Amino acid sequence: VLMNQQVKIAEEFLKYNSIYQEWTADWRLRCYPSSALLSPQSNDIAKGMIKFKKGLPLGLHGYRWLSISLSNNIGNDDCSFDDRVKFIEDNYTRIKECVDNPVDNTWWATWDEPWRGLATAKELVAAMESGDHTTFIGHVPVCVDGTCNGFQHYAALGRDPIIGKYTNLIPGDVPDSIYRHVAQAA
């Protein structure tokens with residue numbers, strides 16, 4: 001039912017050249033979209049349907065971050081950024097097959113975020129096939145998130161190296177998780 005509602009809203013928006021989204025801020029200045037059904041903070045299918053109207057060239061680092069984003073969408077996110085990029089490189093043929101024929105090549109449907117992943121995969125393949133991915137104009141949002149942001153703030157304010165490591169403020173080979181450390185202690 002939810003997916004049908006989201007697709008219906010998206011179909012209504014197709015008649016417009018672009019859309020704007022209204023956002024509100026709460027008392028902590030956290031921003032939220034007014035539309036819960038079709039927004040960058042909605043579910044996977046909504047995120048997979050959203051693109052920026054005005055794209056930007058990927059530049060020197062954009063393709064790398066697109067690869068990292070796709071790796072995260074697939075579910076390969078508990079490793080270093082370099083390993084995520086290598087995962088995409090190693091599986092590029094399989095990813096391209098999903099993009100070229102998603103009905104018969106359904107690996108994408110098993111990903112953690114299949115719809116956003118397929119949209120990101122389409123963008124990545126188009127960038128690669130463009131001949132120069134640094135000048136390719138990208139339109140797909142690449143999401144970057146913090147790790148337990150409240151604790152990140154406390155770690156930064158207190159210059160705490162332990163909590164800083166657990167919340168990825170201090171670089172490491174692989175992502176850390178304060179939740180894992182708390183669970184182990186409990």
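The model is predicted, so to speak of it at all we set limits: local features need pLDDT of at least 70, side-chain atom pairs count only at pLDDT 80 or more, and totals for chains, interfaces and linings use all residues. Residues are numbered from 1 along each chain as its sequence is written, and side-chain values use heavy atoms, with hydrogens and water left out.

Start with the fold. The protein has nine helices and four strands, taken as DSSP runs numbered from the N terminus (helices H or I, at least four residues; strands E, at least two). From the N terminus, the order is α-β-β-α-β-α-α-α-α-β-α-α-α. Of the 186 residues, 31% are buried. Buried means under 20% relative accessible area, exposed means over 50%, and partly exposed lies in between, with a 1.4 Å probe and protein chains only.

Now the salt bridges. The count is nine, where a salt bridge is a side-chain nitrogen of Lys or Arg within 4 Å of a carboxyl oxygen of Asp or Glu.

Take helix H5, residues 92–100, where Lys-96 and Asp-100 sit four residues apart, about one turn of the helix. Their side chains form a salt bridge at 2.6 Å, N to O. Asp-100 is exposed at 51% relative accessibility, and Lys-96 is partly exposed at 24%. Glu-129 joins these two residues in a network of salt bridges.

Next, Glu-113 pairs with Arg-116, with the closest N and O atoms 2.7 Å apart. Which of the two is buried? Arg-116 is, at 13% relative accessible area, while Glu-113 is partly exposed at 23%.
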